[in-house]
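Subject: Handing over a structure, with notes on its salt bridges

Dear colleague,

I am passing on the structure below for you to look through. My notes on salt bridges follow it.

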Amino acid sequence: MNVDGSPVGWVAIDFLSCLLLVVYTLVAPPPMPASIDTSGQYAVEVTWPASRDDDVDTYVQDPAGNVVSFSNSDVGLMHLEHDDLGRSSDVERHGGDVAVVRQNLERVVLRGVLPGEVTVNVHAYRKTTPGPCPVKVVLWRLRGNDKRLLERRLELRETGQELTAFRFTLDRRGELRDHNELPKRFVGRSA
């Protein structure tokens, strides 16, 4: 205790605590970003319920006529990140360990922008779960302020069914100018 009865030790500890906080702030590494930067400009994301074992495939055609799909996963300025086969591709075993991914998702990333129309289709490659398979298709802008640009919900009812989710037009600056739902086929068409 000090002569007047105040605790000198607490003042010293408070001072040291403040000094440590100042030093930590000056030498601590910067906080990690909340997201990862990507080289992509746009992404098309196709999802369907994790409980379903249906194999839904994504087809995206760029203005140059390139079509990305499970059979051609990297073409032009587009790539398919993962060919999801439904629930059957959600389990991986290694020794005694089992990893389970409880989602059905395919994503096509457009790394650059070609002006013109882009077409996005979904195809029921294999339907094994009874009843219609609800599919959600979303167009994301990966740069700038607008994130979710288009969204459409569809139902695939039988193996082989192909539906156009949407067609959208980008200008030279990569801005969305127009969109429609006019059907177009990719599966089984002759080249």
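Glutamate 151 and arginine 148 are joined by a salt bridge in which the closest N and O atoms lie 2.4 Å apart; please keep in mind throughout that the model is a predicted one. Glutamate 151, with a relative accessibility of 35%, falls in the partly exposed class, and arginine 148 is likewise partly exposed, its relative accessible area being 43%.

Glutamate 151 also takes part in a salt bridge with arginine 153, where the separation between the closest N and O atoms is 3.2 Å. Arginine 153 has a relative accessibility of 60% and therefore counts as exposed, since the exposed class begins over 50%.

Which residue does arginine 157 meet in a salt bridge? The partner is glutamate 155, and the N to O distance between the two side chains is 2.6 Å. With 53% relative accessibility, arginine 157 is classed as exposed, whereas glutamate 155, at 37%, is classed as partly exposed, because that class covers values between the 20% limit for buried residues and the 50% limit for exposed ones.

Conventions: Residues are numbered from 1 along each chain as its sequence is written. This is a predicted model: local features need pLDDT of at least 70, side-chain atom pairs count only at pLDDT 80 or more; totals for chains, interfaces and linings use all residues. Side-chain values use heavy atoms; hydrogens and water are left out. A salt bridge is a side-chain nitrogen of Lys or Arg within 4 Å of a carboxyl oxygen of Asp or Glu. Buried means under 20% relative accessible area, exposed over 50%, partly exposed in between (1.4 Å probe, protein chains only).
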